[in-house]
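Let's take a walk through this structure together. Keep the sequence and the 3D view open as you read.

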Amino acid sequence: MDAILSGLSTGFSVALDPFNLLLVMVGCFLGTLIGALPGLGPINGVAILLPIAYGLNFPPESALILLAGIYYGAEYGGRISSILLNVPGDASAVMTTLDGHPMALRGEAGKALSTSAVASFIGGTIAVVLMTLFGPLLASVAVGFSPANYVALMVFAFASLASLVGKSTVKTLLGALIGLMLATIGIDANTGVPRYTFGIPDLLAGIDFLIVVVGLFGMAELLHLVEQQVKGTLKSLPVDKSFVQAADIIKLRWTILRSSLIGFIIGVLPGTGASVASAVAYGTEKRLAGPEEAKSFGTGNIRGLAAPEAANNAAAGGAMVPMLTLGIPGSGTTAILLGALLMFNVQPGPLLFTQKPEIAWGLVASMYIGNVALLVINLPLVGLFARLLTIPHHYLTPLIAILAFIGIYTIVGNPHDLFLITALGVFGWFLRKLEFSLAPVILGFVLGSLFENNLRRALSISGGDWAILTEDWTSLVLYILAFAVVFAPIWLSRRARRAAAA
Amino acid sequence: MADRLFASFLLIVTLAYAYIAWTLIQAPFQYDPLGPESWPRILAGAAIPCILYILWRPDAEPFAVTKYTWFRIALMVVLLFAYAELYEPLGFIISTILFGSIVALTLGAPRLGALAFGLGVGVFGYLLCFTLMGLNLPEGETVEAALEFFRGDAE
């Protein structure tokens, strides 16, 4: 407990530094803006702005605070376009449209927006508190992890990714493998042997993480926007004067609490982020509501609005826990944040909290502040964000390209990379068209060297005996969990089908 | 169909990847049981069954892209390549004005709006990034030459 308190005080002294405080605000504001734009989700927003944030030459903790603010704000802002336009910014906001948009149609847009803001705030805050309590605990367990345990942990991470993300398990797995294969390009750090460089000097250091991220997310998203281009502008519903009452929140307290816990736990699971969390929370709430009330879900039930919102913000916080303590991101967006940490030469993992407390705790403290800032920004300014929704796509699309180019050029300073991101964008667009999700690709890319190095280290320890991988209990438990997370859903759905047939 | 095409493409790439892992990658000497070639071999070994599965059982989803959409995507990619090509020679301001206006126009913005958008982003973007944030953006050889010329004149 003492360690947590002293850590928090270190964190707050970093986060309350006027410059960092400003960055939290700017990040939250920009994030909300990006989240609010229809079609641009948190992952694309962070991907496009990451190189620019990196190019500003801030100290690492400041740049990360800015990025975390953007990430957080974008999860927050997604609900605005969901409620007012019925267009979710990304997968995690889909559930919000189900009841949020009907409420707005009924003339309760203001109430829907303010309720979801409060639910998000509570969900986010619960997640940060839990993170403060369990993060260091998890880190202290993970300090004792051997390379073999890490290998098991990776297997678990990829197993839960494959089973919970995307439509097809095989495609998700293949996506992760593509990412892992991309990560092998470049000089092998252990032996100095070049792999897949084909004698091209630019490839010796490997493909730059930023290029992969901006290409696969920013540029692919741009092509997706061009493809989906809607004729005319979207019609936004007006924000009215209705507002959430304290009595509403008190009535919703159990819903929000439950959903926050569900969101946090799912967020912590490696690989699964806010989209799974909001869907599970919505489903749970609907089941608990009883057959009578369940009918009103999807027609503007306020519980159906609060649940996914609390859950997706809690998951956003939860996904940070494995990223900071184990070095294994809990979602696609945190994979990008992990890559950002690595770019600043900060190796996330169990030692981060003790070796770089200003970064780990600074980030945690900035999330407390960010949550409050988001609530304060969102309640009065929601009208302003709502007006931004109507930015026509024909201006938004070129703007994405321009921002991506600025970002890549300022960091890498090499015009060849501008071609490379465009080509990767085309590749990413194809993957998306074929229903591969892109998050596994980036997760594989980020985790590639960690996975490989731990495997090699483990086998070096055992002198080439593969049995070391299953030697101790920690690894075995992780393999069993990995097995369960893949086969439990299959078994459950079989059972449900059999029950339905009988 | 699209699934099978893409999977075949991936299969070829992965087979090439595996071939390189089995033949070309070698450490001159090593003490560790796993060399630089082992990990790519494992990855290829895991990827090939996945690809074969997709070839065997593709998702039935048709690749619903109309000719017109293909054209738009292709046009966008061409414009992006042109933007990348001209980024350094023309400099950020001019290339962005051109790119911004043309893309906005092709996506259906009104003419004046598109031009104003291009100009605005090009000029303000440069001022914002260069002066305020201190980011390094290409000034452009032509612009530089012109500036040089005027400066030379003044002296």
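B:Leu80 counts as buried because it has 26 C-beta neighbours inside 10 Å. The cut-offs go like this: a residue with 20 or more other C-beta atoms within 10 Å of its own is buried, one with 12 or fewer is exposed, and anything in between is partly exposed, with the C-beta atoms placed from the backbone. Bear in mind that this is a predicted model, where local features need pLDDT of at least 70, side-chain atom pairs count only at pLDDT 80 or more, and totals for chains, interfaces and linings use all residues. As for labels, residues are numbered from 1 along each chain as its sequence is written, while chains are lettered from A and ligands numbered from 1 in the order in which they are written.

Back to B:Leu80, which you'll find in helix α3 (residues 67-106) of chain B. Helices here are DSSP runs (H or I, at least four residues), as are strands (E, at least two), and both are numbered from the N terminus. The C-alpha atom of B:Leu80 is separated by 9.3 Å from that of B:Val103, 23 residues apart along the chain. And what does B:Leu80 touch, once its neighbours within four places in sequence are set aside? It is in contact with A:Ala401 and A:Thr422, where contact is a matter of C-beta atoms, placed from the backbone, lying within 7 Å.

That brings us to where the chains meet. Chain A puts 50 residues into the contact, and chain B puts in 53 residues. On the chain A side, the elements giving two or more residues are α8 (169-183), α9 (209-228), α19 (393-412), α20 (415-433) and α21 (439-462). The most comes from α19(A), with 12 residues. By type, this side of chain A divides into 28 nonpolar, 15 polar and 7 charged residues. In that tally, Ala, Val, Leu, Ile, Met, Phe, Trp, Tyr, Cys and Pro count as nonpolar, Asp, Glu, Lys and Arg as charged, and the others, Gly among them, as polar.

Now look at chain B on its own. It is divided into domain 1 (1-64) and domain 2 (65-155), with bounds that come from an automatic or database domain assignment. The C-alpha centres of these two domains of chain B lie 40 Å apart.

Next up is the nonpolar core, meaning a set of buried Ala, Val, Leu, Ile, Met, Phe, Trp, Tyr and Cys residues joined through C-beta atoms within 7 Å. The largest one has 209 residues, and those with the most contacts inside it are A:Leu50, A:Leu67, A:Val213, A:Val214 and A:Ile442. This core draws at least three residues from each of domain 1 and domain 2 of chain B. Pick out A:Leu50: not counting residues up to four places away in sequence, it touches A:Leu67, A:Leu210, A:Val213, A:Ile336 and A:Ala340.

Elsewhere in chain A, A:Ala104 sits in helix α5 (residues 94-105). It counts as buried because it has 27 C-beta neighbours inside 10 Å. Leaving aside neighbours within four places in sequence, A:Ala104 is in contact with A:Ile83, A:Leu84, A:Ala109, A:Ala112 and A:Leu237.

How do α1 (residues 2-15) and α18 (residues 357-388) of chain A cross? Their axes come within 7 Å and cross at roughly 75 degrees, so the two helices are roughly perpendicular to each other. Axes are lines fitted to C-alpha atoms, for helices over the stretch in contact, and angles run from 0 to 180 degrees between N-to-C directions. Under 35 degrees counts as roughly parallel, over 145 as roughly antiparallel, 65 to 115 as roughly perpendicular and the rest as oblique. Among the residues making this contact are A:Val14 and A:Ala15 of α1(A) and A:Ser366 of α18(A).

A:Asn20 touches A:Val14, A:Ala15 and A:Ser366 too, along with A:Ser62 and A:Ile65, not counting residues up to four places away in sequence. A:Asn20 is found in helix α2 (residues 18-36) of chain A, and with 24 C-beta neighbours inside 10 Å it counts as buried.

Most residues other than glycine have a negative phi. A:Tyr196, in the loop between β2 (194-195) and α9, has a positive phi near 55 degrees. A:Asn345 has a positive phi of about 60 degrees, and its place is in the loop between α16 (332-343) and α17 (352-355). Are these two residues buried or exposed? A:Tyr196 counts as buried, with 20 C-beta neighbours inside 10 Å, whereas A:Asn345 has 7 and counts as exposed.

Note on methods: Two residues are in contact if their C-beta atoms, placed from the backbone, lie within 7 Å.
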